[in-house]
Each structure stands twice: as structure tokens, then as C-alpha cells.
Amino acid sequence: MAASLGPTELRSILTFTVKLARLAGTIILEGSQAIQSASCINEKKNSADLVTEYDTAVENLVMSEVKKTYPSFKFIGEESYASGIRAALTDDPTFCVDPIDGTTNFVHGFPFCCISLGLIYQKRAVLGVVYNPFLGYLYTAIEGRGSYLSRGSGQPMKLPLARPKPLPALSKALIDIEWGSDRATPVIESKCDAYMRLAADPATVERGQMVQGIRTTGSGALNFCLVAQGAIDVCWEIGCWPWDVCAAILIIQEAGGSVTSRSLLALGGSPADSFTMTPDVLMGREFLVFRGIAATQGETPGEARLRLANEFYETVGKTTSMLRG
């Protein structure tokens, strides 16, 4: 019989998960330093070996602690998936974990990587913890209870950090995108074309949007958390996996932001339906997320999100070749 998770149980699980994230953070910091110190030509292990070693060490720690404390819970993780374990998404409580999100940053000591710990229950995210040990930023959320950011030993601050503002057009937006690890020519050409149209002056490039700025940080989970925080207006992730963003999706939603995808919009539903997270969207590997948007006299937040999402996909064009495998 599946465990039943109510508010009391989720608060207890959040306490457990935060402690676990902080413990994992010490391993992440240790690993990053070890990799940066392994540049000597006599070093037996190259950086790729060490990334796998620390990725696996963090995931094994999480799996072990979860199994001891919540033995009936299921587990979906990046490293276990890579090793061939394919856990089906069910109604049972399931931890969905990326031990180190932002591995290139991890290798270089660029302080923008994290552990992402999401809890799925009845096929929806109900708890999320994202922790960046380099900066000491801890993002947390429980379904229906809001999302929060704690910096260092400071008190949790409710997200977003400022009152949401209207977003009249993509040209007024700060947008986050990623290049991803697949650098095959068709993928790169498609992304370059899409990103050029987002950045370009519409007077010189067809469908150009001339957005206010484009950022690339290297961590899908932290990108989403920046949207929840209100620091980024729009984020587009294509090619990521559910463990990358499961926790952060809930953090966005609890901060008043929204998540959709091209496949969800193609169903042609209402503004609410077009931003309703489903298991298919969670497993779909393509996400378009918006910060909380304030209403204007002529437009509700839902109408604004739907307009901006359609405008975004019209701008970037077809994305089939960007997502392989």
C-alpha cells in the first residue's frame, strides 16, 4: 500500500531533505576542489572520471539515506538511470534526484551548480529542494505552502523576492537559455538561429524580438529557481531530464510562476490548461517557464502567459532537431 503524504508528513520530509542536501553539498564542494587540483599530468584520473565518481557518490548518499528513512519510497536518479535502471512513474512517493546539476560548472569551479531533490507523489511534484553549496543558496517548496530562498544561515525569504510586475512583451524580458551538451551540427545550427531571433532587432531580422538580455548559467535547476526568485523573466530548457528540474518546477509554481511546453500548448486548451503540469510534460524534456506576471487592465496573468508563450515559440521556430535521444 502506498504511503499517504499530508501536510505534516511533507514538513517532516522537507526537514530531512534539507539536511540531506546540505550534507551532499559538502561532497560537491570537495569534489569540485579535487577536480581543479587534478590538472597534473601524472594524475591517474581525468576530470570525467572524477565527475562520475562524485556524481555517483552524492547519488549513493541520497539513495542510502532515503532507503533508511523512507524505505517504501521509490527513486529516480541521473546516475541510476545512466546505469540502466528505469523506474516507472507511479502514484507512490518517489524521490527524483540530480546529484550534481551543472557538471561543467562543477568541473571549472564556476559557483553555479547544485543538488536537486524533488519528491513526486501521485505523479506530481509535491516537494522540492535545490541547494547551491558554492553560494549557500537553498531553495525549498512544499505544494500549497509557497517557496522560499535561504542565503547562508539567514532566515527563509518567500519567493518571489519582489511583487510581480506585468510583462508586456518578450522585448522587455531577461531570458535564460542553454546550449546543452549535444553539439551536433543540426542541433547547434537550430539553436543559433533561434537565439539570434530572440536577440536580434526586428528591423533587420525576421521575427527578431530584441529581448533585453540573454543569460546562460549552466544549471537548469538554478535557472528555474532564478525565475521563481524573479531575477529571470523567462527560461527555456530543451533536452533536460526530469531529475534536472522536478524540484525547481514546484519552486516556480509555488512562487506564482508557470511552466508549459510546446506539446502542451499544441493541445489548444484554456490559459489554465496550457500551464497545467502533467506527467507527460514532466517527462517530456522541454520546458518554457515564466516568472509571476501581474495583471494589467486589459489582460489577466493567464492571458499574458499564453500570449507570451505563443510569441516565444513563433520566434524560435521548429525545435525538432534540437532534441535528440
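Start at arginine 285. With a relative accessible area of 10%, arginine 285 is buried. Here buried means under 20% relative accessible area, exposed means over 50%, and partly exposed is in between, with a 1.4 Å probe and protein chains only. This is a predicted model, so local features need pLDDT of at least 70 and side-chain atom pairs count only at pLDDT 80 or more, while totals for chains, interfaces and linings use all residues. Residues are numbered from 1 along each chain as its sequence is written, and side-chain values use heavy atoms, with hydrogens and water left out.

Back to arginine 285. It lies in the loop between α9 and β12. Helices (H or I, at least four residues) and strands (E, at least two) are DSSP runs, numbered from the N terminus. Arginine 285 is not a glycine, yet it has a positive phi of about 75°. Most residues other than glycine have a negative phi, and most peptide bonds are trans.

Where does the charged end of arginine 285 sit? Over the ring of tryptophan 241, 3.7 Å from its centre. The criterion: NZ of Lys or CZ of Arg within 6 Å of the ring centre and within 35 degrees of the ring normal. Lysine 158 places its charged end over the ring of tyrosine 148, at 5.9 Å from the centre.

Now the rings. The search of the whole structure gives 11 aromatic pairs. Tryptophan 241 and tryptophan 243 are stacked, because their ring centres are 5.3 Å apart and their planes are at 5°. For the cut-offs, rings of Phe, Tyr and Trp (its six-membered ring) pair if their centres lie within 6.5 Å; planes under 30 degrees apart are stacked, over 60 edge-to-face, the rest tilted. Tryptophan 241 is partly exposed, at 27% relative accessibility. Tryptophan 243 has a relative accessible area of 3% and is buried.

Phenylalanine 312 and tyrosine 313 pair edge-to-face, with 5.8 Å centre to centre and 90° between the planes. Phenylalanine 312 and tyrosine 313 are both buried. They also belong to a cluster: ring pairs link Trp179, Tyr195, Trp236, Phe312 and Tyr313.

Next, the cores. A nonpolar core is a set of buried Ala, Val, Leu, Ile, Met, Phe, Trp, Tyr and Cys residues joined through side-chain atoms within 4.5 Å. The largest one has 38 residues. Which of them touch the most other members? Val130, Tyr139, Phe224, Ile251, Phe287 and Val289. Elements that each supply at least two residues include β3 (114-121), β4 (124-132), α6 (220-229) and α7 (242-254). The largest share is from α7, with nine residues. Another core lies apart from this one, with 37 residues, among them Leu5, Ala38, Tyr70 and Leu119.

Take valine 289 up close. Leaving out residues up to four places away in sequence, valine 289 touches Phe224, Val227, Asp233, Val234, Cys235, Ile252, Ser258 and Val259. Contact means heavy atoms within 4.5 Å.

So, α7 itself. This helix has 13 residues and spans 18 Å from first C-alpha to last, close to the 18 Å expected at 1.5 Å a residue. The expected span is 1.5 Å times one less than the number of residues. There is a bend of about 25° at alanine 248. That bend is the angle between axes fitted to the seven residues ending there and the seven starting there. Of the 13 residues in α7, 12 are buried, so the helix is largely enclosed by the rest of the structure. The buried ones include Pro242, Asp244 and Glu254. Just after α7, glycine 256 has a positive phi of about 90°.

The peptide bond from leucine 159 to proline 160 is cis, with omega near 0°. Proline 160 is in the loop between β7 (157-158) and β8 (174-176). Lysine 123, in the loop between β3 and β4, has a positive phi near 65°. Lysine 123 is partly exposed, at 36% relative accessibility.

Beyond four places in sequence, alanine 309 touches Thr260, Leu265, Phe275, Leu288 and Phe290. Threonine 185, in helix α5 (residues 185-199), is exposed at 51%.
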